[in-house]
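Please examine the model shown here together with its sequence.

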Amino acid sequence: MTVKLSKAEKKVVYDKKLCSLLDEYSKVLIAAADNVGSNQLQNIRKGLRGDSIVLMGKNTLIRRCIKIHAEKTGNKNYLNLLPLLVGNVGLIFTKGDLKEVSEEVAKYKVGAPARVGLVAPIDVVVPPGNTGLDPSQTSFFQVLNIPTKINKGTVEIITPVELIKKGEKVGSSEAALLAKLGIRPFSYGLIILSVYDNGSVFTPEVLDLTEDDLIEKFAAGISMVTSLSLAISYPTLAAAPHMFINAYKNVLAVAIATEYTFPEAEKVKEYLKDPSKFAVAAAPVAAETAAAAAPAAAPAEEKKEEPAEESDDDMGFSFSTKKFLVQVEF
């Protein structure tokens, strides 16, 4: 015969279990468990068995256990979970990949009927078509202003109707109609609200970020740093190449406008005096570009010929002379 534990004893057992999980795991998913049944929760536990544990309980008891654990161990990281323990939530402790665990939890969603007084999580639209109901049931449709017609002895909905909007409470007429039509518009499951990882707390949307997204955001940040540095003339590693090039352009512009000269400026001055030399220097490069592009062109397709790019090495410095000639300001 099993001995029934008292409430105080149950709290002690729960406290030991939670403290052991806090010692063992460093990653936690905080999930909302509204309208999730016991059988559904049991299936989720089975699906996550191996590297994850689902823990439910009263928020006040969980807060108390976390505070006591933090005082005993000196680990204050888990205190970041306290503001997240609001509403009907549970904790999923895991050693696996957070994204994979989150996707596994999302699989266990169960369809549910629209109950009276329930707040609709989505818009509910009744599709047009034959309902299979006899003409005596038209009163339901008339109350809800749904256009119908009698077709072959059954009620047929003519146009799609938005029966319930997101955020509205389900009325008795809407619930009865959806039940008669056999429509289960809602689906419920554990919804990941927040993610805890080694003291850091972030939203689950972060788990969907790919390496390309991170590279794009990093590049955008570098671009902003560079723009700001150039605008306020503050040297940074990102802006240094642009500052050197701009300074070189200024020196070259001064050399062209005055008698001062140096080897790279001499080449530019020669091209400015005799532009035909520039065309002669660019011709071999254009020929090589055209020869390289010819095998890649499809026989049946005509591609627009693109202007050849000048070689940077022909000028003796590390940027395009043609771009420089356009940008030089006297």
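The sections below proceed from the whole protein to individual residues.

## Basis and overall architecture

This is a predicted model, in which local features need pLDDT of at least 70 and side-chain atom pairs count only at pLDDT 80 or more, whereas totals for chains, interfaces and linings use all residues. Residues are numbered from 1 along each chain as its sequence is written, and side-chain values use heavy atoms, with hydrogens and water left out.

The protein's secondary structure comprises 11 helices and 12 strands; helices (H or I, at least four residues) and strands (E, at least two) are DSSP runs, numbered from the N terminus. Of its 330 residues, 32% count as buried, where buried means under 20% relative accessible area, exposed over 50% and partly exposed in between (1.4 Å probe, protein chains only). Among contacts (heavy atoms within 4.5 Å) between residues at least 6 apart in sequence, 70% join residues at least 24 apart.

## Helix α6

Helix α6 spans residues 172-181, and its buried residues are E174, A175, L177, L178 and L181. They cover an arc of only 165 degrees around the axis, and therefore lie on the same side of α6; the arc is that of the directions from the helix axis to the C-beta atoms. S172 and A179, on the other side of α6, are exposed.

The buried residues of α6 pack against β5 (124-126), α5 (138-143) and β9 (161-164). Just after the helix, G182 adopts a positive phi of about 75 degrees.

## Helix α9

In α9, which covers residues 263-273, the buried positions are A265, V268, K269 and Y271. Their arc around the axis is only 160 degrees, which puts them on the same side of α9. The exposed residues P263 and K273 are carried by the face turned away from that buried side.

## Second largest pocket

The second largest pocket has a volume of about 240 Å³. On a 1 Å grid over the protein atoms alone, a pocket is an open set of points where a 1.4 Å probe fits, with protein on both sides within 12 Å along at least five of seven lines; lining residues have an atom within 4 Å of a point. Grid points are joined across faces, edges and corners, and a volume is the space filled by probe spheres set on the points.

Its lining residues include A32, D34, K109, P121 and I191. Strand β10 (residues 186-188) supplies the largest share of the lining, 3 residues. By class, the lining has 7 nonpolar, 3 polar and 2 charged residues; Ala, Val, Leu, Ile, Met, Phe, Trp, Tyr, Cys and Pro count as nonpolar, Asp, Glu, Lys and Arg as charged, and the others, Gly among them, as polar.

## Cysteines

A search of the whole structure finds 0 disulfides, a disulfide being a pair of cysteine sulfur atoms within 2.5 Å. C19 is in no disulfide, and the nearest cysteine sulfur belongs to C65, 5.8 Å away. That separation is too far for a bond. C19 is buried at a relative accessible area of 15%, and C65 is buried at 0%.

## Loop residue A120

A120 is located in the loop between β4 (110-112) and β5. The residue is buried, with a relative accessible area of 2%.

Not counting residues up to four places away in sequence, A120 touches I164, K165, K166, G167, E168 and F186. A120 and F186 are 66 residues apart along the chain, and their C-alpha atoms are separated by 7.8 Å. F186 also belongs to the lining of the second largest pocket.
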